[in-house]
Amino acid sequence: MSDAVTSESTDPDVDLLGAVCRELAETADAVGEAARHASELALGARLPATALARVRRRRPAWRTLLRTLTDPAGLGWAPRGRGVAAAGRLAGILAGRESLAVSIAVCGLKARIRAASAGRPELAADPDAAAVLKAVEEDRQGEAVRAFRAIMRDRGPEYAFTLLSPAFADLLAWHALTDDNPFNDHAGWQVATGRAVTAEPLLGFGAACRAFFDRGPGRGDPLPPGTARRITAARAAATRAAAAATAAARVTATAAVARVPSAAAPVRTPAQTPASALRSHAAGLRSHAVRLRAAVVHLCWPGPKGEAFRTEVRGFADRCAVAADGFALAAAQLEAAGSP
């Protein structure tokens, strides 16, 4: 059996995989928002102060929230927000602690890269591109970065963008979320979830600011003869590839919406108490757990890689359910003690 036939027989269904990627992105966003709200309660000033100083009956709820935010079987290491939560998040990144929200986002990015490269034999034929994609698929971050830098150095950024489009942005986002630098995670999170995140002051710049100042190739040296013409041609090819990718993404998104019913994200209104908001997030996480399991049931991806992907997604669904149980328990304890 030829390599081409073997590759085709183990490629995923791109449309069905696109629906799973969309659900992974929405789930990562929901998990992140639930963790942010829980961090505001457990690591803010009001609940810890009342639990430790004045109202002892609120201590069980506070301890439950802390366990939920640090449970390896649920949210992993999940502090998010400002103050103590921000310090806890940085400490977790530096210590190598895993976060469920980031793991789901990274899984979705890898699947999107796989979907974008499916059916493109030129990527497999190019040794540098094949090395990047293989290293990403096998979670070898250092090797993927070295191969990607080799393409940028030897062939130039325009060629690299054209070759790896439309997975170029997903590759950069995957690198941002998996490297050891905690200050570029917001950019990767934007691409992975589609949620605009404002950069922290003094720690980084948002994508809009970078786009405003990035108006040229970045060098003031004169270009060699013929280079400008090649760059113009490469940019035109990149523009055509990006337009084709955008059209394909719209078709895939439309099909995914038709197949998978959307779940309304929990919205915290001013009238909601902390307990009711926790219940709302718990319901949202349970809904996403159900939708994750349903999304991979009919995913056509033969071979061990497809089965490993389905197992990973089901594991994320189980962890969402565990986190939902923790939020529900904390909400019941808060109601029993009187919400702060």
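Is R291 buried or exposed? R291 is buried, with a relative accessible area of 8%; buried means under 20% relative accessible area, exposed over 50%, and partly exposed in between, with a 1.4 Å probe and protein chains only. This is a predicted model in which local features need pLDDT of at least 70 and side-chain atom pairs count only at pLDDT 80 or more, while totals for chains, interfaces and linings use all residues. Residues are numbered from 1 along each chain as its sequence is written, and side-chain values use heavy atoms, with hydrogens and water left out.

**Overall fold**

- The protein chain has 16 helices and zero strands; helices (H or I, at least four residues) and strands (E, at least two) are DSSP runs, numbered from the N terminus.
- Of the 340 residues in the protein chain, 42% are buried.
- Among contacts (heavy atoms within 4.5 Å) between residues at least 6 apart in sequence, 72% join residues at least 24 apart.

**Nonpolar core**

- In soluble globular proteins, nonpolar side chains tend to be buried together.
- Here the largest nonpolar core has 71 residues; such a core is a set of buried Ala, Val, Leu, Ile, Met, Phe, Trp, Tyr and Cys residues joined through side-chain atoms within 4.5 Å.
- L24, L75, F309 and F327 are the residues with the most contacts inside this core.
- Helix α16 (residues 303–337) gives the most to the core, with 12 residues.
- Neighbours within four places in sequence aside, F309 is in contact with L17, V20, L24, C107, A111, L299 and W301.

**Salt bridges**

- The whole structure contains 21 salt bridges, each defined as a side-chain nitrogen of Lys or Arg within 4 Å of a carboxyl oxygen of Asp or Glu.
- R291 forms a salt bridge with E23, and the closest N and O atoms are 2.7 Å apart.
- R291 belongs to helix α15 (residues 274–297) and E23 to helix α2 (residues 14–42), so this pair ties together parts that are 268 residues apart in sequence.
- E23 is also buried, at 0% relative accessibility.
- R114 and E137 meet through their side chains in a salt bridge (3.0 Å, N to O).
- R114 is buried at a relative accessible area of 14%, whereas E137 is partly exposed at 30%.
- A salt bridge also joins the side chains of R310 and E307 (3.4 Å, N to O).
- R310 and E307 are three residues apart in helix α16, and are therefore separated by about one helical turn.
- R310 counts as buried at 11% relative accessibility, while E307 is partly exposed, with a relative accessible area of 38%.
- Salt bridges that share partners join R22, E23, E26 and R291 into one network.

**Cavity**

- Rolling a probe the size of a water molecule over the atoms shows where empty space is left.
- The structure holds one cavity of 30 Å³ or more; on a 1 Å grid over the protein atoms alone, a cavity is a set of points where a 1.4 Å probe fits but cannot get out, and lining residues have an atom within 4 Å of a point.
- The largest cavity has a volume of about 30 Å³, where grid points are joined across faces, edges and corners and the volume is the space filled by probe spheres set on the points.
- Its lining consists of I113, A116, S117, R120, L123, L133, L164 and A167, and α6 gives the most to that lining, with three residues.
- The lining residues divide into six nonpolar, one polar and one charged; Ala, Val, Leu, Ile, Met, Phe, Trp, Tyr, Cys and Pro count as nonpolar, Asp, Glu, Lys and Arg as charged, and the others, Gly among them, as polar.

**Individual residues**

- Most residues other than glycine have a negative phi.
- D139 has a positive phi, near 60°, and sits in the loop between α8 and α9 (141–155).
- R149 is in helix α9 and is exposed, with a relative accessible area of 55%.
- The C-alpha atoms of R149 and V132 are separated by 9.7 Å, and the two residues are 17 apart along the chain.
- D170 lies in helix α11 (residues 168–178) and is buried, with a relative accessible area of 9%.
- Neighbours within four places in sequence aside, D170 is in contact with L109, R112, I113 and V191.

How values were computed:
1 Å grid on protein atoms, 1.4 Å probe; cavity = no way out; pocket = protein on both sides within 12 Å on 5 of 7 lines; lining within 4 Å.
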